[in-house]
Amino acid sequence: MLVGAAYAWAMYQPLPRLTGPGLAGGGATVGGFDKRTTYGLAALRFVVVSFLCFLLLDPLIRSLRTFTEKPKVVLAVDNSESVAAAGRPALSRSLASLQTLRQQLTDKGLDVAVRTFGDSTTASDLTQIPFTQRTTDLSGMLSGIRSDYEGQNLTDVVLVSDGIFNQGLSPTFGQYPFSVQTIGLGDTIPKRDIQLKGVIANRIAYLGNQFPVQAEIVSNGFQGRSGTVVLRQNGKELGRQSANFSKDEGFSQVTFQITATQKGVQHYVVEVLPQPGEFSTRNNRQDVYLDVIDGKEKVLLLALAPHPDIKALRSILEKNQNYELDIRILTGTPAEATASADRAPADKQYDLLILHQIPDNGGTGNALLQKYLAKNTPILFILGNQSAIGSFNTSNPVMQLAAQMNQSDKVTGALNSDFKQLNFDPARLDILSKFPPLLVPYGDFRLQPGSEVVLWQQVGSIRTKKPLLAINVTSPRKTAVLAGEGIWGWRLEEFALTDKQEVVDDLIQKVIQLISVKEDRRKLRVYPIRNEFVAGEKVIFETELYNDIYERLYDKPVQLAISDEKGITRSFNYTPTADNSRFEISRLPEGAYRFRASVTINNKAEQSSGQFVVRDLQLEAINTTADHGLLRQLAQQTGGQFYNASQTDELVRTITTKPHPARLTSTEEMNELINWRWLFFVVLLLVSVEWGLRKFYGGY
């Protein structure tokens, strides 16, 4: 205010009137205006300057807002298929009662919202809700309501359901900050029915192998009778068996033994033939999808002579059905050994070679070894007292060994904590120190570039810097070296200590998997994010494009063709981008599908193919008997009550008679006064008025 007063005084201070010959009489005026005008202009200048200085102090305005929040009620409607199983007429009457219930609660001053599975919006007409959801997750619905209405004045949730759930936890396990009033729909009387409760089968089978398909059947009301279970593939019957229903609520199992004769995803159908008087036949059939592969890793184990390690390695590899193992023991003279090996499947393509004490001092396996070294086949070397160290040094990219002739060390293994390529549990591998020692060549060990140590040599309690087990996966030929013989003793000792053979087997298997895994060098990779999808959900494909140096590419048009079991092909075109490399397909019916994607990169066609399954779970058809007991328990736990569909008037009275005062919510805000835009126009108006008056009265 002082600044404003000083500014106004300086601007409109009195000016002396000039006197002299020919001039008006003496005296003074104020700023060239009359006093009244001058004081008015000075007041405007005082207000403007004072207010601007006040705004420079950045004053804050405290505001308090109060909201009135009405009590809220959510009608949670179970719109799954099982609710409609009791008949549409009865369901329509129940929905009409719910529509009336909603209107009555609204008339009582409550804020009513409707919630269904897969839809969080408010439905305008409850009688038009389609009961088509294929799964029921009551716990997920109530948890979603709890999350969405957190901090709001939600007092009651009216759960309208038959009490059947087939996904998630039981809703009685949850804790909810509101009362759950339950309305029971459906029929609680068990139906006279036969259900194919489940089918147990492998997800993967190998070509030529047999695998079991086990069907579990539940019957009600067919005591003393039997049913027929049929297994089909592509409409062709593969077998049928009888299931006896010895009890009124019987459970029986039948098992089919099938031979995998074709590669790829195979579609089988298990069906219980319908019986007269069954309530529903929708739950008599289930589909089984099996991936038959001919992708076993072919492993050749070459050994100089019979050794207990051979049996140990065979036992380790045969634990994994992905391996097909051939064993060749080289005996006799070098010429005889070579001839014997040539009569063996020498031309067979192997994915992994295990060499036990080869190359050897006598050169027995050298000729055969050179064949596989030329093919860059991954190799696991196992050294022993017959190993030729010179030939070994020239054959492997892992380590170089300067060994003393006919001298060996007895060592155990100690895990290298810096090795991160495989997930090992250090606590489990501590047992290695209790195992009998391996025999390793005595000498100096030197790792080659790119090699990593899995196990160090440990002599007694002293851990050395000599590798016992090391790998190199960066060289053209992935290679591992176990620098000692005697792992058969490790397996025996582990079984004596733990009654299991897991630690050693897991160690060797993981190393073998690491060096034998095939590197994917394709420039186009298109694959579904999962191998199986549920009917009704989107099938999503991920796309990866690469140039010649394997940098990611985008914005190349991709053609995708999808074929079903009947040979019908659907074609799609899309362009992956840096922001979205996925492609989605909706509404694919149930079945097994094959796909092929193609793209042109640098005038060269690249392709990628695969398969996936769309499965119809039919969860809603498995159980159609309403569970009102669960609804009663849920209501009791949360302070609510259970009602039948005809008791909506009583439910309205219960909800409206409870004290539901509106909740007042207050919020306090601190805002800077300078942010009020209208103040700018006030200041501008005052300045403009002052300027206009000055000009009007002739001021400058």
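Tutor: Gladly! Keep in mind that this is a predicted model. Let's begin with one term: a contact means that heavy atoms lie within 4.5 Å.

Student: With that in hand, which residues does I354 touch, leaving out those up to four places away in sequence?

Tutor: I354 touches V299, L300, L301, L302, L313, L317, L380, I382 and I512.

Student: Which residues have the most contacts inside the largest nonpolar core?

Tutor: They are I354, L455 and W490, in a core of 40 residues. Helix α11, spanning residues 503–516, gives the most to this core, with 8 residues.

Student: How do I read the way two helices cross? Take α5 and α10: at what angle do their axes cross?

Tutor: Angles under 35 degrees count as roughly parallel, and 65 to 115 as roughly perpendicular. The axes of α5 (residues 308–318) and α10 (residues 487–498) cross at roughly 60° and come within 7 Å. The two helices are therefore oblique to each other.

Student: Now the strands, please. In which sense do β11 and β12 pair?

Tutor: Strands count as paired if DSSP finds at least two bridges between them. Here β11 (residues 225–233) and β12 (residues 236–245) pair in the antiparallel sense over 9 bridges. One example is R232, whose bridge partner in β12 is E237.

Key:
Residues are numbered from 1 along each chain as its sequence is written. This is a predicted model: local features need pLDDT of at least 70, side-chain atom pairs count only at pLDDT 80 or more; totals for chains, interfaces and linings use all residues. Side-chain values use heavy atoms; hydrogens and water are left out. A nonpolar core is a set of buried Ala, Val, Leu, Ile, Met, Phe, Trp, Tyr and Cys residues joined through side-chain atoms within 4.5 Å. Buried means under 20% relative accessible area, exposed over 50%, partly exposed in between (1.4 Å probe, protein chains only). Helices (H or I, at least four residues) and strands (E, at least two) are DSSP runs, numbered from the N terminus. Axes are lines fitted to C-alpha atoms, for helices over the stretch in contact, and angles run from 0 to 180 degrees between N-to-C directions. Angles under 35 degrees count as roughly parallel, over 145 as roughly antiparallel, 65 to 115 as roughly perpendicular and the rest as oblique.
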